[in-house]
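I opened this notebook to keep a record of what I looked up in one structure. The entries follow the order in which I worked.

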Amino acid sequence: MSGVHEPYAVLRRGDFRRLLAGTVLSGLGSEMLHVAVGWDLYLRTGRAGALGLVGLAQFLPVLLLSLPAGHAADRYSRKGLYAAAQGLIVSAALGLAALSLTEGPILLVYFCLLLVGVARAFVAPSRASLVSLLVPGEMLTSAVAWNTSGWQLAAVTGPALGGFVVAVTGKAAVAYALSATAAGVCAALVLSIRTPAPVRRGGAVTLASLLAGIRFVWATKLILATITLDLFAVLLGGATMLLPIYARDILDIGAGGLGWLRAAPSLGALVTAFTLAHRPPLRRAGRALLFSVAGFGAATIVFGLSRNVPLSFAMLALTGAFDNVSVVVRHTLVQKLTPDEMRGRVSAVNLIFISSSNELGGFESGVTAELFGPAASVVGGGVGTLLVVLIVTRVWPRVLRLGPLHEVGLDARAEKPQDAASARD
C-alpha cells in the first residue's frame, strides 16, 4: 500500500462524479423541502407537536420498507431504484407546492411527507450500495468522505436557499418546486451512470433473506456499536425539528434566519468532511468517534441554553462538525465489512438506525418540547447524549481501541467469523 494519500484520485472517475453530483442535488432539494415544510406548518398551527409529526410521518415508511428496499437493492438495478425513488420525491414535492398555494388540508401535507419517507427507504440502500461498485476498495474511505462532503455542501446551501426563497416569496411553494427540480435532475444523472454487473444471488425472497442484514449487523459488533451510538446520540440530542421555534420565538430571526440555523450544522460538517478527505485516515478512529459524539452532546446543551444568535449558530455548527466524524467512521465500516451481495440489506439496517435518530428523534423533540418547553427538550437531549457515550464505551470497549479505518477489515472479521458467515444468506 502506498504511503502517499491522494485525496482527488477518486474524483477522476466519471461515474463517481455523476453519483456525487446526484447526491448534492438530492441533498439540496431535501433540505429546501424540510425548511419550507417546517416553517409552513409552524405558521399554520403554532404547535411544536405539528413539527414532531413531520419526523414521524417520514420515519414510519422507513421503518416498514427499509428491509424490503435493501433486499431489492441486492437483487435488482441499484441505479434504477435510486432514480425511481427520486421520481417519487418529485411527485411529493409538487403535491406540497400545490397544497401550499391553495392552503390545502394539513393532513395531505403529512401524506406527501409519507411519500418522501417511502422514497428515502429506497434511496439510502441503493445509493450506498452504488459507491462500492464505482470505486476500488483502497479508495472507499476517500469516496465516503467526498460523498459526505457533497451531502453536507447541499445541506449548507439548501436550508439557506430554502429560507431565502420562503422569506422573499412569503410562500413555501417555490421552495417545493425547486426541490422537485433537483430530484428530477438527480434521477437523470444516476441513470447515466455505467455500473458493472454485481454478483446476484438467486432464490426466493424469504423472511430469512429479508432479515439477513439484521443478523449480519448483530454479528459484526463494530458496526452494531457505531450505529447504536449514532442512533441514541442523535435521537436524544438532535435539535433540528425545533429550529422553527428558536427562529421565531426565542432568537427572533424569522424565516431567513431559520434557513441559516438549519445550514449551520451542515456548514460545520462540511468543513470536517473536507478536512477528513484531505488528510490521511484517522489513526485512532475509535477515540475520535467517542470524543466527537461527546462534543456533539456538549454543543447541544450550550445551544439549548443560548439566547445569543452568533453563539447559537456556532454551537449548531459544532454539532455538525462533531457528527460528521461519526458519519465517516460508521459508513466506512459498513462499506468495508459488508460483502457486496449484502450491501443493500445492511445499508437498509443502517438507514433504519439513522432514520430512527433523525425523524423519530424529531418526533421525540416535538413531544418533549410540547410538555416541558423547547429549551428543556434540547438541554435534556444533550445530557442524554453524554450518557450514551459512557454506556457504549462500557458495553463495547472495543470501539475505544478501534485504530486506522483502512486496516479494520481483517481485524473485525477475525473476531467472529462464524457469526458473520452465518448472517449471509
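**Entry 1: the chain as a whole**

How many helices and how many strands does the secondary structure of the chain come to? I counted 17 helices and zero strands. I noted at the outset that this is a predicted model. The chain has 425 residues, and buried residues make up 59% of them. I then looked up the contacts with a separation of 6 or more, and found that 88% of these join residues 24 or more positions apart. The chain exposes about 16,600 Å², of which carbon and sulfur atoms supply 68%.

**Entry 2: the nonpolar cores**

I looked next for the largest nonpolar core, which has 49 residues. Leu-113, Tyr-176 and Phe-303 are the residues with the most contacts inside this core. Helix α1 supplies the largest share of the core, nine residues. Which residues does Leu-113 touch, not counting those up to four places away in sequence? I listed Leu-33, Val-37, Val-54, Ala-57, Gln-58 and Leu-96. Another core, of 29 residues, lies apart from the largest one, and Ile-223, Leu-289, Val-388 and Leu-402 are among its residues.

**Entry 3: the second largest cavity**

I searched the whole structure and recorded five cavities of 30 Å³ or more. The second largest cavity has a volume of about 70 Å³. Its lining includes His-34, Val-35, Val-37, Gly-38 and Trp-39, and I also noted Leu-51, Val-54, Thr-240, Met-241, Pro-244, Leu-258 and Arg-262 there. Which elements give two or more residues to this lining? They are α1 (14–45), α2 (48–75) and α11 (254–278). The largest share, five residues, comes from α1. By class, I found eight nonpolar residues, three polar ones and one charged. Val-37 and Val-54 line this cavity, and both are touched by Leu-113.

**Entry 4: the second largest pocket**

I turned to the second largest pocket, which has a volume of about 160 Å³. The residues that line this pocket are Trp-39, Asp-40, Leu-43, Arg-44, Ser-100, Glu-103, Val-166, Gly-170, Lys-171 and Ala-172. Helix α1 gives the most to this lining, with four residues. I sorted the lining by class into four nonpolar, two polar and four charged residues. I noted that Trp-39 lines this pocket and is also in the lining of the second largest cavity.

**Entry 5: two residues with positive phi**

Glu-103, part of the pocket lining, lies in the loop between α3 (78–102) and α4 (106–134). Its phi is positive, about 50°, although Glu-103 is not a glycine. Is Glu-103 buried or exposed? I recorded Glu-103 as exposed, because its relative accessible area of 56% is over the 50% cut-off.

Asp-252 also has a positive phi, near 55°, and is a residue other than glycine. I found Asp-252 in the loop between α10 (243–250) and α11. Asp-252 counts as exposed, because its relative accessibility is 65% and exposed means over 50%.

**Entry 6: a residue in α11**

Last, I looked up Thr-272, whose place is in helix α11. Why does Thr-272 count as buried? Its relative accessibility is 15%, and buried means under 20%, so Thr-272 falls in that class. Leaving aside neighbours within four places in sequence, I found Thr-272 in contact with Ala-321, Asn-324 and Val-325.

Methods: Residues are numbered from 1 along each chain as its sequence is written. This is a predicted model: local features need pLDDT of at least 70, side-chain atom pairs count only at pLDDT 80 or more; totals for chains, interfaces and linings use all residues. Side-chain values use heavy atoms; hydrogens and water are left out. On a 1 Å grid over the protein atoms alone, a cavity is a set of points where a 1.4 Å probe fits but cannot get out, and a pocket is an open set with protein on both sides within 12 Å along at least five of seven lines; lining residues have an atom within 4 Å of a point. Grid points are joined across faces, edges and corners, and a volume is the space filled by probe spheres set on the points. Ala, Val, Leu, Ile, Met, Phe, Trp, Tyr, Cys and Pro count as nonpolar, Asp, Glu, Lys and Arg as charged, and the others, Gly among them, as polar. Buried means under 20% relative accessible area, exposed over 50%, partly exposed in between (1.4 Å probe, protein chains only). Contact means heavy atoms within 4.5 Å. Accessible areas come from the Shrake-Rupley method with a 1.4 Å probe; for residues, only the protein chains shown count as cover. A nonpolar core is a set of buried Ala, Val, Leu, Ile, Met, Phe, Trp, Tyr and Cys residues joined through side-chain atoms within 4.5 Å.
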